[in-house]
Amino acid sequence: MTVSQDTYRLTSPDGSEMELPVRSGTVGPDVIDIARLYRDHGVFTYDPGFVATGSCESDITFIDGEKGVLMYRGYPVEQLAEHSSFIEVAYLLLNSELPTEAELSEFDNTIRMHTMLNEGMLNFFKGFRYDAHPMAMLSAVVGSMSAYYHDEIDATNRGHRNIFSHRILAKLPTIAAAAYKLNIGQPFIYPRNDLNYCENLLHMLFAVPAEPYEIDPIAAEALDLLFILHADHEQNCSTSTVRMAGSSGANPYSAIAAGVSALWGPAHGGANEAVLDMLEEIGDVSQIGKYVDKAKDKNDPFRLMGFGHRVYKNFDPRATIIREMCHKVMKQLDRKDTPVFDLALELEQVALKDDYFIEKNLYPNVDFYSGIIYRALGIPTSMFTVMFALGRSVGWAAHWREMISDPKGKIARPRQLYTGPAARDYTPVEKR
Ligand code: CMC
């Protein structure tokens, strides 16, 4: 393959030349536009797992995996983590620009005013077993929003698209808290709109009707930071799922439910739950070597959860920020979980010095430390991925809006390399 300015030239097996246009984004690698490859040259491309394939044009989030850069709408995540709030970041992701004071206040108020669920929706929870996984309940109840709001979702209507994002952002914490309350057999706690986003979530999770509940400002601050860091991550598995499901014109609430399901897997958002399970299994610093060896063994399916990333090959900037917050939470909340944190710090050090992890560029990712914070806040392991989903919900909504408003948008429909039998004749059952 040769490159000449803005065209790639490929030579096919029969010696004929194909010219493919090259497109440049604002920053990041160029892309070869192969949209006409099949029509003009009769071949498909093959890239399982989309390792080198751009699936869309997007102006929401940029990642440079080699340099550990993550930017939302051009703003480095470190700056947003230090100076912004999750609600402001949500506005930025949905509306492309940071809000003025008046815009922020109006947006914040709108989200506060949409926190309640239709009372009928609460009945769904009575149908789940007491020990249903909260991610399963989240996916099911978010999917049910498509039944409640089906008539108000004309994708060509900007107002409808806005209401959709507001409902997703505002109601997911209420659904998540209802799932948690079912698991622990406590009554559902209604939202309080005088509280900010994370305070309200803590209130719905931990308040009980029998006594007053005091919100810990450190807990609210830590959650807000985690949500900022989880808010978007360009075309990751769950976001691509939302875009793909939505590309058929499906009701967007169902598309978000599909995203929740995709997030649940341990290779994606489910890793935060898996990290804590792993740390508990390791149990003691003396066992670290044994588990690191297991992770390196090709014949052992065990992986160090919270390590490695498809895009980050140097460090995950989110992990660096969360690690700092971990220290702060542990110190200020004076938690008894310090041994788990100490174990995580030691495991990180051992892996970072190990040739296997160095050669494969495997570094701690966002999920390595997030679970430790959630646990210190009293959030049970089964709720960790739900927390990730709450932060990511705004990214899903922003991507659905971008996808559905794209005039060049098409239904997502990949092709394949078929390896099944060639055409053969049907044999009647008595002759088989
Ligand atoms: N422990 C041990 N070996 C690993 C690990 C790990 N955590 N991650 C990757 N490897 C090895 C893997 O065996 C492979 O080795 P080889 O080249 O010899 O076959 C090599 O590193 C490349 O791995 P891969 O699976 O081909 O890489 P990928 O880009 O497809 O997968 C990943 C990325 C995140 C799924 C993977 O690193 C992993 O399973 N990590 C553990 C789960 C985890 O922490 N996931 C959270 C990701 S961050 C949150 C999010 O955004 O979803």
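In this structure, a side-chain N or O atom of His268 lies 2.5 Å from an oxygen atom of the ligand, a polar contact in the sense used here (a pair of N or O atoms within 3.5 Å). The model is a predicted one, in which local features need pLDDT of at least 70 and side-chain atom pairs count only at pLDDT 80 or more, while totals for chains, interfaces and linings use all residues. Residues are numbered from 1 along each chain as its sequence is written, and side-chain values use heavy atoms, with hydrogens and water left out.

Lys298 places a polar side-chain atom 3.1 Å from a ligand oxygen. Gly306 contributes through its backbone, where an N or O atom is 2.8 Å from an oxygen atom of the ligand. The ligand taken alone exposes 940 Å², and the protein buries 76% of that area, as computed by the Shrake-Rupley method with a 1.4 Å probe.

Attention may now turn to the salt bridges. The whole structure contains 18 of them, each defined by a side-chain nitrogen of Lys or Arg within 4 Å of a carboxyl oxygen of Asp or Glu. One of these joins Arg323 to Glu348, with N and O 2.9 Å apart. Because Arg323 belongs to helix α14 (residues 317-333) and Glu348 to helix α15 (residues 338-352), the pair ties together parts that are 25 residues apart in sequence; helices here are DSSP runs of H or I with at least four residues, numbered from the N terminus. Arg323 is partly exposed at 24% relative accessibility, whereas Glu348, at 6%, is buried. Buried means under 20% relative accessible area, exposed over 50%, and partly exposed in between, with a 1.4 Å probe and protein chains only.

Salt bridges with shared partners also link Arg9, Glu17 and Glu19 into one network. Elsewhere, Arg192 pairs with Asp194 at 2.7 Å between the closest N and O atoms; Arg192 is partly exposed at 36%, and Asp194 is exposed at 52%. Lys67 and Asp64 form a further bridge at 3.8 Å, N to O, and Lys67 is exposed, with 60% relative accessibility.

Key: Polar contact = N/O pair within 3.5 Å; in protein donor to acceptor, adjacent residues only side chain to side chain. Helix = DSSP H or I, 4+ residues; strand = E, 2+ residues; numbered from the N terminus.
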